[in-house]
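Colleague: I would like to go through this model with you, one question at a time. Please show it first.

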Amino acid sequence: MEKTVKVGLLGLGVVGTGVLEILADHQEKIKKSIGASLVVSKALIRPGEDKSALAKKYNLELVTELEAILADPEIAIVVEVMGRIEPARTFIKKALLSGKHVVTANKDLLAQYGSELVDLARDQQRNLYYEASVAGGIPILRTIANSLAADDITEVLGIVNGTTNYMLTKMVQEHRTYEETLKEAQELGFAESDPTNDVDGIDAAYKMVILSKFAFGMTVTMDQVKIKGIRGLAAEDVSMADRLGYTVKLIGSTIKKDDSISVEVGPVLVAHHHPLASIHNEMNAVFIKSSGIGESMYYGPGAGSRPTATSIVADLMTIVNKMKKNTVGHRFTGYTQPTKITPPTENISKYFLSLEMPDEHGQFLKLAEIMSQAEVGFEQVVQEKGDGAHARVVLITHATSETKLATIQQAIKEKTKYKLLSLMKVMGE
Ligand code: HSE
């Protein structure tokens, strides 16, 4: 095999620049590990973009047509760091069809078109690796696919969106508002170009779709994921949760029950003593329950230039090793199971409800009746002194099904004048 493996880079933004830096700074170690040098020889940029300083520094050719990379027989691997669906999807397909291996960090693409791309790579006997697509710098996909391959995973809980974790941390610790913290996260560069995907839970949902495939072998579609973001989350409820012994976190969960899974993203009350409650600011963590290991947690930065680039370069090195051994064409994860989603009757959790109700006699009795008719018990109840006309009542239910919770919501809507201010799952005891 060639002593130098050439790489074509699609996109030269923050992550693309990180790839150049990691390859340059760690070149000796990389060469000793894989027995070859990895060199980015060409980078695709948009017409009009000025990246000449980078091109000079890293001795690479800038091109504005994909064809210049695909038609170059010396380029063996293409790295896609453009993000979003198009043109990334078309470019990756063309790269695979041209006989290139591909590394990508694109979670949107893998979550929505993963099967199509993985199948194409296999048909072409090429490798497609995407470690950086979930929790950037944490090597979680490789860990699940390799190190936990012999284990039976039952639960994957993730703080997999740095923007919302940063916002929630600041809201709890510094009593800052939603708007202030979002602005800061954008300035610090964690947020997506459109932060809607962060705050509405979509970015985390993409990552949970990918994690579900690795942990349970199931191909879940985005419409099978129950997604709720943190938009409009009231600071009062975050503080109340804290008083009751919980930290509010945006949790992505994929949980197995018998032969089905439930995949969700939403603000969750996590018990203070649970390891995920201690993940602060923009950091990410993935907590796994499995029958062999028990509990394990993987912690690190979920975004950023060098952490993400480190995962990408590790993928490049994996591919070079496979090229050397002539074992290309295998999937990143070979685990496949029939996809089955847990029905709402079987999806069990405790819930936190925050209600605004008229501050008058008989209201608690009405609430107790609704709960009793749904056969759901109270675990904790708190009423705060209101403005005289209204009271805020917060409760945590006993463990119940999604179906019974829906009955309670319906009864509140039809039989009372209560306003449901927040509804969150409770976990981690
Ligand atoms: N916007 C994402 C986050 C970046 O905040 O975690 C990494 O996918």
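Modeller: This is a predicted model. We can start with Arg 46, which is exposed, with a relative accessible area of 59%.

Colleague: With which residue does Arg 46 form a salt bridge?

Modeller: Side chains of opposite charge can pair when their charged atoms come close. For Arg 46, the closest N and O atoms of the pair are 3.9 Å apart, and a salt bridge needs a distance within 4 Å. Arg 46 pairs with Glu 49.

Colleague: Is Asp 108 buried or exposed?

Modeller: Asp 108 forms a salt bridge with Arg 84, and their closest N and O atoms are 3.9 Å apart. Asp 108 lies in helix H6 and Arg 84 in the loop between E4 and H5, so the pair ties together parts 24 residues apart in sequence. Arg 84 is partly exposed at 35% relative accessibility. Buried means under 20%, and Asp 108, at 5%, counts as buried.

Colleague: How many residues apart in sequence are the parts that Asp 152 and Lys 256 tie together?

Modeller: The closest N and O atoms in the salt bridge between Asp 152 and Lys 256 are 3.3 Å apart. Asp 152 lies in the loop between helix H7 and strand E7, while Lys 256 lies in strand E9, so the parts tied together are separated in sequence by 104 residues.

Colleague: How many salt bridges does the structure hold?

Modeller: Some of them are linked: Lys 170, Glu 174, Arg 176, Glu 180 and Glu 184 form a network of salt bridges. For the structure, the total is 30.

Colleague: Which peptide bond is cis, the one from Glu 86 to which residue?

Modeller: The omega angle of this bond is near 10 degrees.

Colleague: What is the phi of Glu 375?

Modeller: Glu 375 is found in the loop between helix H14 and strand E14. Glu 375 is exposed, with a relative accessible area of 61%. Although Glu 375 is not a glycine, its phi is positive, at about 60 degrees.

Colleague: Where is Lys 3 placed?

Modeller: Lys 3 gathers with Lys 31, Lys 324 and Lys 325 in a patch of positive charge on the surface. At 61% relative accessibility, Lys 3 counts as exposed. Its place is in the segment before strand E1.

Conventions: Residues are numbered from 1 along each chain as its sequence is written. This is a predicted model: local features need pLDDT of at least 70, side-chain atom pairs count only at pLDDT 80 or more; totals for chains, interfaces and linings use all residues. Side-chain values use heavy atoms; hydrogens and water are left out. Helices (H or I, at least four residues) and strands (E, at least two) are DSSP runs, numbered from the N terminus. Buried means under 20% relative accessible area, exposed over 50%, partly exposed in between (1.4 Å probe, protein chains only). Patches are made of residues with over 30% relative accessible area and no salt bridge: like charges are joined within 9 Å, nonpolar side chains (Val, Leu, Ile, Met, Phe, Trp, Tyr) within 5 Å. Accessible areas come from the Shrake-Rupley method with a 1.4 Å probe; for residues, only the protein chains shown count as cover. A salt bridge is a side-chain nitrogen of Lys or Arg within 4 Å of a carboxyl oxygen of Asp or Glu. Lys and Arg count as positive and Asp and Glu as negative; His and the chain ends are not counted. The place of a charge is taken as NZ of Lys, CZ of Arg, CG of Asp or CD of Glu.
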